[in-house]
Amino acid sequence: MNLFRLSAYALSALLLTPYTALAAADHLTVPGSLSAWWIIPFAGMLLSIAILPLTAHVFWEHHRGKISIFWALAFLVPCLAVYGPGVTFYEFCHIILLDYVPFLVLLFSLYTVAGGVRLKGSLTGTPPVNLGILAIGTVLASWMGTTGAAMLLVRPLLRANAHRKYRVHSVVFFIFLVANIGGSLSPLGDPPLFLGFLKGVDFFWTTSHLFLKTLSLSTALLAIYFVLDMVLYNKEGRPVPPISPADSAPAKPGQLMPSQEKLGLDGKINLLFLLGVVLAVLLSGLFPLGTIATVGGVPLEAQNVLRDAALLCLAWLSMRHTSRRCRELNGFTWGPIEEVAQLFFGIFVSMIPAMAILKAGTSGALAPLVELVSRDGQPVNAMYFWLTGILSSFLDNAPTYMVFFNTAGGDAQTLMHHMPETLAAISAGAVFMGACSYIGNAPNFMVRAIAEDQGVRMPGFFGYILWSVCILVPLFALLTWFFFT
């Protein structure tokens, strides 16, 4: 992370330059009239994630942070040359301070807190047990967030299946269900729905209008998973788990080994901290406190600063009140969160022109796509579902949701009462299709990193997309036919 420390020092130095005043005075932004060529750095970042781990694994492991910064600079340097320091600095501060830092703080706190909860005893990864974990996670995701549910349950799933030969499918379906689709029934589940809530969508509107869609999709996926897991389980010879390597670690006097423990939870205090994380995020959206400072022309809202401070405090409390042995037995390391921090720096910065073009709507380079959502002045719900979803699979799903929310009129009362299926299509697309790629939703890449950290050879970027094309896309097509036509 040394390179990221240097970047932080460079950012601090920039804050002392005259460009800060320039950006603060003018609030300059990259125009939405950018040509599609400006998306090349973002495409390069995605291709690096997709190709380099397969073709140059050692190089990638040692230099992925530098590669991420390279693609960030591949946008920032041309932006500096064409639009000047004011625009460049403002856009950089905006994406880092309002998107990247809150994103990383939330993931860090959830990763730290959930990593302190350990399921004691032993669960054997049989098809019924695995199905139960996925089903519970799917239900929890709407009420503690997809990230919270994923971080809480991914390690128990991995430990339960540590003796299995075939484990990739369990992690893939876990990403489908727990890290994405399960979060569609409340504003707490996924950031796009929370933004809709802040814009006036009733708290339980998504619960009622997406319930049948979520239930149908989740049931189909759970059924497919159970059949697949049963076939692979029988192919493996219905294996019985040996004693876990972690069980051989010396225990303190009077302390039971994991294999001797009764089923239960260790580190239960972290469940309280996890509730604190959810409340901190919810309250920050409900009680605006005004601007506390302006950095590089970017206003920092007091409630957001307090939220991030609270999240970091909760992470610190978790580390302080969770035993080292509990985390060791949980397979907890800092590697996954470090990888996410490195890669998403490049993703967020190189994504700036793509989001500017998308926000330009019918006047931007993506106008032919945006125009597909309306025909003769009437909304085409199927296109709202697919376009919101496809763009959410590769761009930040929260602003993508807001783009199409505003394209449909932007008035929550009108959308809820007179265009409910249009709003449902936008909401479902943003949440459901976040499962289509590793970068479609915050916990996807984190789950992948944790799984690989614990020895599961996950598919590459395109390999995972192939899973989603083969399994999710046909189900989305059926969903469109039943609900959006």
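These are my notebook entries on what I looked up in the structure above.

**Ground rules.** I am working with a predicted model, in which local features need pLDDT of at least 70 and side-chain atom pairs count only at pLDDT 80 or more, while totals for chains, interfaces and linings use all residues. I number residues from 1 along each chain as its sequence is written, and side-chain values use heavy atoms, with hydrogens and water left out.

**Confidence.** I began with pLDDT, the predictor's confidence in each residue, from 0 to 100. The chain has a mean pLDDT of 85, and 90% of its residues reach 70 or more. I marked residues 8–27, where pLDDT stays under 50 and the model has 25 contacts (heavy atoms within 4.5 Å) beyond four places in sequence. I also marked residues 245–258, over which pLDDT stays under 50, with 17 contacts beyond four places in sequence.

**Cysteines.** How many disulfides does a search of the whole structure find? I looked for pairs of cysteine sulfur atoms within 2.5 Å, which is the cut-off for a disulfide, and the search of the whole structure gave zero. C93 is in no disulfide, since its nearest cysteine sulfur, that of C79, is 12 Å away. I noted that C93 is buried, with a relative accessible area of 1%; buried means under 20%, exposed over 50% and partly exposed in between, with a 1.4 Å probe and protein chains only. For C470, the closest cysteine sulfur is in C436, and because the two sulfurs are 12 Å apart, they are too far for a bond. C470 is exposed, with a relative accessible area of 52%.

**T322.** I found T322 in the loop between α12 (302–321) and α13 (324–329); helices here are DSSP runs of H or I with at least four residues, strands are runs of E with at least two, and both are numbered from the N terminus. T322 is buried, at a relative accessible area of 9%. Leaving aside neighbours within four places in sequence, I listed G116, N270 and R327 as the contacts of T322. The side chain of T322 makes a polar contact with the side chain of N270 at 2.9 Å. A polar contact is a pair of N or O atoms within 3.5 Å, where within protein one must be able to donate a hydrogen and the other to accept it, and residues adjacent in sequence count only if both atoms are side-chain atoms. I also saw that a polar atom of the T322 side chain lies 2.6 Å from the backbone oxygen of S318.

**M144.** I placed M144 in helix α5, residues 127–144, and noted that M144 is buried, with a relative accessible area of 15%. Not counting residues up to four places away in sequence, M144 touches A149, L152, L188, L274 and V278.

**R238.** Most residues other than glycine have a negative phi. I therefore noted R238, which is partly exposed, with a relative accessible area of 48%. R238 is not a glycine, yet has a positive phi of about 50°, and lies in the loop between α10 (211–235) and β2 (264–266).

Beyond four places in sequence, L221 is in contact with residues including F173, F176 and I471.
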